[in-house]
Amino acid sequence: MVKEIQAFEPDLILCPFLKKFVPSEIYNTYPTYILHPGIRGDKGAYSLDNAIREAKQQWGVVYLRANDEFDGGSIYAEVEFVMRDTYKASLYRNEVNIASLEALQILLKNHEDKAFTPTPQLPTPLHKQLTQKDRTINWQQDNTQEILKKIAMSDSHPGVLDEILGVACYLYGAWEEDKLRGEKPKQILAKRDGAICLATVDGAIWITHLKEVGKFKLPATYVLKERLKGVKEERLPLIFDKSYKTFYEISCAIEDEVAYLHFNFHNGAFSSDKCMKLKYAFEYIKEQVKVVVLMGGADFFSNGIHLNILEDSKKNGEDGWSNINAMNDVVKSVLFADDVITVASLEKNAGAGGVFLALACDYVVMREGVVLNPHYKTLGLSGSEYHTYTLPKRVGEQKARDLLEKCLPIGATQAKKLHLVDEIFQHATYHTQLTEFCQELVNDEEKYEDFLWDKEDYLEENRETVEAKREAEIAVMHPEFWDEKSIFHTLRYEFVYKICPRETPKRLKYKKE
């Protein structure tokens with residue numbers, strides 16, 4: 001760490017996600033600021049866990065000047081937010097992320113201001129260090145809301161340790177269920193889309209994901225496998241109307257001939273079956289409206305194929321091949337939809353094939369603060385999803401090659417400058433601006449019809465060329481999935497098991513001009 005800092009010679013250092021104490025030789029030499037996901041006076045790890053546990057209504061973030069006291073430095077910026085009723089990881093990816101960007105602007109201003117006096121941190125003790133004992137579910141006593149809170153404050157780390165059908169595992173992804181009921185607590189009542197429904201003392205909950213001790217997170221049914229024999233599949237309509245509380249992934253709201261299609265897949269990962277469901281949902285809904293908006297999920301728009309399921313598979317090549325082709329089929333449905341205008345709403349981050357799902361749309365809009373990773377190379381893949389057509393079409397051949405080779409993250413301002421996206425909307429007014437943008441597309445009937453005629457003609461003329469791009473992409477990807485020596489298998493393993501690199505990847509290192 002010291003070696004990297006000395007080589008970089010920074011003006012100041014930001015620490016947004018600390019897991020280790022910063023060495024004194026760093027913070028005594030360089031101005032070092034620590035982002036703490038808590039309010040003034042809050043100190044210690046698992047800050048959000050405690051905030052959820054204690055049902056805080058307001059919370060916030062602070063930037064502290066690093067010193068020899070854990071979270072004890074003077075405060076240079078602080079921003080508060082309203083606590084949403086959700087799980088920890090979602091708060092971190094949304095409210096904490098947005099507040100931290102606002103706090104960063106304040107910090108930079110105060111850092112430059114020679115007259116600025118920082119606010120002393122309060123002389124409070126470290127908050128309670130939560131253990132699995134604090135998180136453990138007592139299925140015979142805890143009601144539904146207590147169970148939901150315990151899982152929410154532990155999701156996505158460290159999870160709630162439990163045992164399901166004899167399997168020691170951590171629980172993630174809890175959803176309340178309104179209709180199903182059981183005879184005894186913890187009874188498995190049903191399964192759906194990889195999740196399982198468990199009875200509680202006063203109702204039922206869905207658990208979407210499990211992680212066996214020492215392994216990695218998977219949909220619950222993938223972990224329990226044959227142990228679920230005899231458990232019924234409790235199906236929902238392809239597009240759920242949200243008329244009662246239950247676990248669902250695909251939903252849609254239609255307003256003034258515009259459909260807002262949501263697909264809330266865990267961590268933005270698209271397994272083969274989810275690709276197929278989204279494809280059918282899109283094709284069904286586009287027959288009813290003039291504009292379809294791909295909204296993505298609560299935390300991510302899309303991150304492409306499902307790497308955890310592929311790592312778990314006994315047939316990596318076959319299942320990987322199936323997954324990429326299913327992803328391609330979704331993109332194809334969107335790309336060749338010549339009877340409707342399509343809009344990608346990048347309100348959340350996207351990566352790999354998820355970026356190119358967005359680029360398959362006629363228009364792409366993006367929220368300020370969102371980050372895109374339009375590349376595959378870091379996982380040893382060349383990629384597909386028609387990216388060799390959609391990316392050069394927007395940014396040009398040379399820039400497309402640069403983006404795919406350099407593998408750097410792209411913020412909203414840069415994405416707009418590169419023409420990757422058409423519009424950037426502000427966080428506070430994002431949905432209002434999105435609605436207004438879509439309404440403009442349908443309000444002028446003549447302009448709308450002309451757009452569709454031009455789109456249909458263009459796709460008809462270029463269909464063979466576009467399909468040839470996909471075939472060429474797949475030809476390159478074939479050995480990446482099927483060859484046992486493919487680097488993809490090694491990089492996928494490291495990604496799934498969260499094996500950290502020993503040093504900063506070269507692509508992320510600053511190069512002095």
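**Close-up 1. Contact between helices α12 and α16.** H387, T388, Y389 and K393 of α12 meet Y458, V466, K469 and E473 of α16, contact being heavy atoms within 4.5 Å. By class, this contact of α12 with α16 has three nonpolar, two polar and three charged residues (nonpolar being Ala, Val, Leu, Ile, Met, Phe, Trp, Tyr, Cys and Pro, charged being Asp, Glu, Lys and Arg, and polar the others, Gly among them). The axes of helix α12 (residues 387-395) and helix α16 (residues 445-482) come within 8 Å and cross at roughly 120°, where axes are lines fitted to C-alpha atoms, for helices over the stretch in contact, and angles run from 0 to 180 degrees between N-to-C directions. The two helices, α12 and α16, are therefore oblique to each other (under 35 degrees counts as roughly parallel, over 145 as roughly antiparallel, 65 to 115 as roughly perpendicular and the rest as oblique). Helices (H or I, at least four residues) and strands (E, at least two) are DSSP runs numbered from the N terminus. The model is predicted, with local features needing pLDDT of at least 70 and side-chain atom pairs counting only at pLDDT 80 or more, while totals for chains, interfaces and linings use all residues. Residues are numbered from 1 along each chain as its sequence is written, and side-chain values use heavy atoms, with hydrogens and water left out.

**Close-up 2. The salt bridge of K88 with D49.** The closest N and O atoms of K88 and D49 are 3.0 Å apart, a salt bridge being a side-chain nitrogen of Lys or Arg within 4 Å of a carboxyl oxygen of Asp or Glu. This pair links distant parts of the chain, 39 residues apart, with K88 in helix α4 (residues 88-112) and D49 in helix α3 (residues 47-53). A search of the whole structure finds 30 salt bridges.
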